[in-house]
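Morning, everyone. Please look at the structure on the screen, and I'll walk you through a few places in it.

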Amino acid sequence: MDIIAAIATGHSPTAIGIVRVSGEGCFACCDRVFRAFNGSPFSQQTPRSMVFGEMLDAQGRVIDQGLAVRFPEPRSYTGEDSAEFHCHGSPVVLRELLSALFAAGARQAKAGEFTRRAFLNGRLDLTQAEAVIDLIDAETASAARNAAAQLDGGLRRVLEPIQDALLDVTSRFYAVVDYPDEDIEDIRPEQVAQALDSSAAALDRLLATCRRGKVLKSGVRTAIVGRPNAGKSSLLNALAGFDRAIVTDIPGTTRDTVEESVLCGGVLLRLTDTAGIRDTEDTVEQLGVERSRKALEAADLVLAVVDGSFPPTEEDLEVLRLAAKAPRWIAVFSKCDLWDTQARSVGVIGQVGTPAASVSLSAVTGQGLDRLEAAVAALFPAGEAPDSGSLLTDQRQEEAARRARDAVRRAKEALDAGLTPDAILTDAEEALDALGELTGRTAREEIVSRIFSRFCVGK
């Protein structure tokens, strides 16, 4: 492969900037742009050890002093000869160093090309490559920990026993089908059944992690609903930590949805503050109410806000009834600094259904926000070390695992029905193909390209 180079850090001025290089012959290329103070060429420096020296531009002029390190293949990120330059984070310095590398024979790396080479060279499987971009995009500590564990092979270690069991099944059937006259040990249906059952059960457990994995990676779509002036925008602002939405005493201030991402109980909530739900003759407000209803229908979690400083109205009850149709909902009785909302909430909840939790709080004083955080954390547990890194985190992974599970089930049904070995073999091989697509062993080029298109240049 040819030599690629890219700036691996951002384009804004920073204390440290990094330029990465990879490909056969990259050390000779780096010799032309780096002069070590110890007098030895870069290509002869101790592997994986930082060395201090000068960075040179395309004309050989010094543009900075910094550190450089070389990683001989195969013990590098990409699996091929690679190098990094750590210099001051001036965009001008980084561009000049990159231009010098181009003049020395490198070319601009494409988005995700370093990680793609790591995948092609067998340093990472496809789930680990996806974990790299998940780690870069992580917005919570739990998401980062899961991505790091997946990068370390957490998901691969779950899949390997399943693949081994299915390979054992298919190899036995191939031996019987292809060499019927040979003295080969007969297939024992009970052993095959056990292998298929254990594989299906393992895939069922893996698929059960999808919801938690998607919550970790993408957050929870959350709608804040309530009648006008119930305290919805105040709650959004309290959770966000700044005045994201306009708050006034005038009912109907919020005419459109307002969106913000916040951490609540360690869970990433994709909050949507909505217009107050009520009957109105105002055309603009009607459009806002309609958007509120759509946000509520699309939400994974609904925070139904009731003004606890007044006796509940029919509008409040209607909001709660709508919220009760959501997959998960929490009844929030606001303004507890003005009234004993806890006592008032008991009678209201009995009329509309049972929420996941009922919380009294004050968005102004912050009282009760910890109870809301605890309720959200209980609804969306992150999971701990035993399953860290083994969660399915996106639609592609889920679809491949589901196809594998369904094919294993069909193979077991064929075995139970006493069908010929080739019928069982067809479904077992389909399961292996789906698992190969999940790890990248049999993934089509368009799938691989789509995954790496999500990466930034330099990674």
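**A short tour of one chain**

The chain has 459 residues, and 50% of them count as buried. Buried means under 20% relative accessible area, exposed means over 50%, and partly exposed lies in between, with a 1.4 Å probe and protein chains only.

Some ground rules. This is a predicted model, where local features need pLDDT of at least 70, side-chain atom pairs count only at pLDDT 80 or more, and totals for chains, interfaces and linings use all residues. Residues are numbered from 1 along each chain as its sequence is written, and side-chain values use heavy atoms, with hydrogens and water left out.

Now the layout. The chain has 16 helices and 13 strands. These are DSSP runs numbered from the N terminus: helices are H or I, at least four residues, and strands are E, at least two.

Next, the inside. The largest nonpolar core has 32 residues. A core here is a set of buried Ala, Val, Leu, Ile, Met, Phe, Trp, Tyr and Cys residues joined through side-chain atoms within 4.5 Å. Touching the most other members are L166, L196, L203, L206, L392, V408 and L435. Which one gives the largest share? That is α7, with 9 residues.

Take L392. Leaving out residues up to four places away in sequence, L392 touches, among others, L155, L206, C210 and A401. Contact means heavy atoms within 4.5 Å.

On to helix α13, residues 369-379. Its buried residues are L369, L372, A375, V376 and L379. Why do they sit on the same side of α13? Because they cover an arc of only 120 degrees around the axis; the arc is taken from the directions from the helix axis to the C-beta atoms. An α-helix has 3.6 residues a turn, so residues three or four places apart point the same way. On the other side of α13, D370 and A378 are exposed.

Last, the loops. The one between β3 (34-36) and β4 (51-56) holds F37. F37 counts as partly exposed because its relative accessibility is 43%. R48 is found in the loop between β3 and β4 too. R48 has a positive phi of about 55 degrees, although it is not a glycine. The peptide bond from E73 to P74 is cis, with omega near 0 degrees. P74 lies in the loop between β5 (62-71) and β6 (82-89). Most residues other than glycine have a negative phi, and most peptide bonds are trans.
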